[in-house]
Amino acid sequence: MASQFSQQYAFPGLVGPDVPARTYHYSNDGRFFAYALPTVVKIFQAEGAKLLQELSMPNITELQFSPRGTYLSTWERPVKLEDGAQHKNLRVFSVSTGEELIAFTQKSQEGWDLQYTISESHAIRLVSQEVQVYRPAEWDKGVVDKLRVEGASMVSLSPGLNPSVAIFVAEKKGAPASIKIYGLLALSGVPTCSKNFYKADRAQIKWNGLGTQALILTQTEVDNSNKSYYGETSMYLLSAAGNFDCRVTLDKEGPIHDVAWSPNSKEFGVVYGFMPAKTMLFDQRVRTLHDFGSAPHNTISFNPQSRLLFLAGFGNLAGKIDVYDRRTLTKITTIDAPNTSYCSWSPDGRFLLTATLSPRLRVDNGIKVWHATGPLVHVQAIEELYQASWRPTPVDQAPPFGQAIPRAPQPAPSVLAAALTSKPAAAKPAGAYRPPGARGLATPAIFKREDEGGAPRMPTGNGSATPPRGYNRSPNPPGSAPANGAHQNGHGGGRRQVPGAAPKTPPPADGAAGGQGQGQDKKRKKKDKKKGDKGAGEASGAATPNGGESVRPSLDIQTNGLDRDDVSGGGTADAAQASVPPTPGAELLDPVAKKVRNLNKKLKAIEELKEKAKRGERLEATQLKKMDGEVDIRTELAGLGITG
């Protein structure tokens, strides 16, 4: 529905309104069409656009025809009346006469309309945990039957000739959630099917076309395992007769994105799991029929003839639509329809309608019609488009599909015009962004999606949805053994390796000399302690026990298990010292060398400031003070034996 109707894309004979329409609706058989304006609701005969009724009703936001088009329900937002009476904002009108037949108070917009049987013999609605039944032919008699179910939060009426009523009770205060199915004509009796389960704060009930089986999609408000932002989802299959019920077990972790029955009522498809999602086809006994694999999909839909189906990724996905032949289970084509807000099959099952709608997207609004084999056959750009759909046609009145998939017709002139006026899209590099240093190399499997050959997503075990990364924080070269026996991630039994520091000597690994090794460790600790005390005394300027002059302190460094004293004394130690290369970074631990390095850094900074002063740059007071300290720094260097 556009902000203003146009005869170019509506049925012939319709005169568009002068003000924007709020919503429209077709009857299920396509005979009637109605739209709501700010002050009036108009009902048309779709064939020929003949005006049937004009209902003077302001602020209508929802419209709905009954299954046979006999009644039209309207809903407006409830308001407080001056006399304090309840506002009856849900009204039912006769399409043929325009007479208001009955009115109700309905506060919630979700599930606002009455639910009719396919023959319109009965209608039901849920009011304060009570299922109320009406006979539309006798609205004036009011409620003819009712059933109260404590905690009932949802009710669903099945299609088919023998209608059933499914009532959902959410989980509350430790009590499990439940689904109970009753025969519509036997509400006072025992339920024909009942099932209890946990982790169900709300539910969706999807009946097959015959009304014999229902898929129950349950969902929690919060995922206690923190694996999904949208809560946990589960699915159950129940038979209205009570002879079959089971949980639909899915082999991939993650939410259930979509589920759809085939119009033949014998099979259904499920899209589930973390992206890339997996799609499976099951029969009415939950036996696997086909696995479509993993791909970025979140929508599944069968065409009315059950011959074709599409898998698509809308919303925050790229808008790819994969069309499959149900008989051969082979892919026919892939349609690129980005920014799609709405997508549906045509009544004859040959075409797909995609639309970009406001207010979800304010730009590039319009509709596109695609043939099932892939070609684009019609384009209609609209500045502001709020609603779009096909005119319904019963399946038995649509042309037969045939054994082979029909060929695509010639594209409309609008397709050529749109191609000429559209801006050429800039070529985007295929695949994910890769930094320059990683380009030209094979992509690691951990960064690939499952459908691209990557490793399957594995549970993390710690409640996090982020998969573990196999990178290494250690400065050691890749493939080398970690220092000190530490694990690759820097944790574990060993200590973390610090860049530039001397590696620690690992303890002896000989288990037979365990007692002797412990004794040697104690002696080594005592020896190190004595040397530390000696070094501290020398650093404080105290005289040595021999009365000699104090010397500058030094650190004891072990090189490959040999103390400095051991290396510097004896011929064997000299040979060992000559054969062992110096430890990288060991000279950095010398306090005198550290002092010299720091003083040289200060001199270098002073030289840079001098260059800035020569260029005429303005220096701050702190920088001038730093330049004044150059003489002191050079004096200190000279005292350490460094000249120049």
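Q: Which residues does T74 touch, not counting residues up to four places away in sequence?
A: In this predicted model, T74 touches M57, I60, E62, L63, N89, L90, R91, F93 and W112. T74 itself is found in strand β6, residues 71-76.

Q: Why is T74 called buried?
A: The relative accessible area of T74 is 0%. Buried means under 20%, so T74 counts as buried.

Q: What makes T39 count as exposed?
A: T39 has 55% relative accessibility. The cut-off for exposed is over 50%, and T39 is therefore classed as exposed.

Q: Where is T39 found?
A: T39 lies in the loop between β2 (32-36) and β3 (41-45).

Q: How do you know that T39 has contacts with residues beyond four places away in sequence?
A: Contact means heavy atoms within 4.5 Å. With residues up to four places away left out, T39 touches L55, S56, M57 and P58. For one of these, S56, the separation from T39 is 17 residues in sequence and 6.3 Å in space, C-alpha to C-alpha.

Q: Why are α5 and α7 called roughly antiparallel?
A: The axes of helix α5 (residues 591-614) and helix α7 (residues 630-639) cross at roughly 150 degrees. Angles over 145 degrees count as roughly antiparallel, so α5 and α7 are given that description.

Q: What describes two packed helices, besides the angle between their axes?
A: The distance between the axes is also used. The axes of α5 and α7 come within 10 Å.

Q: What is the handedness of the crossing where α5 passes α7?
A: α5 passes α7 in a left-handed crossing.

Q: Which residues in α5 and α7 meet?
A: From α5, the residues are K595, V596, L599, N600, K602, L603, I606, E607 and K610. From α7, they are E630, I633, R634, E636 and L637.

Q: How many residues of each class does the contact of α5 with α7 have?
A: The contact has 6 nonpolar, 1 polar and 7 charged residues.

Q: How many helices and strands are there in the protein chain?
A: The protein chain has 7 helices and 32 strands.

Q: What share of the protein chain counts as buried?
A: Of its 644 residues, 38% count as buried.

Note on methods
Residues numbered from 1 in each chain as written. Predicted model: local features only at pLDDT ≥ 70, side-chain atom pairs only at ≥ 80, totals over all residues. Heavy atoms only, no water. Helix = DSSP H or I, 4+ residues; strand = E, 2+ residues; numbered from the N terminus. Buried < 20%, exposed > 50% of the residue type's maximum accessible area, 1.4 Å probe, protein only. Axes fitted to C-alpha atoms, helices over the stretch in contact; angles between N-to-C directions. Parallel < 35°, antiparallel > 145°, perpendicular 65-115°, else oblique. Left-handed = near helix turned anticlockwise from the far one by under 90°. Nonpolar A, V, L, I, M, F, W, Y, C, P; charged D, E, K, R; others polar.
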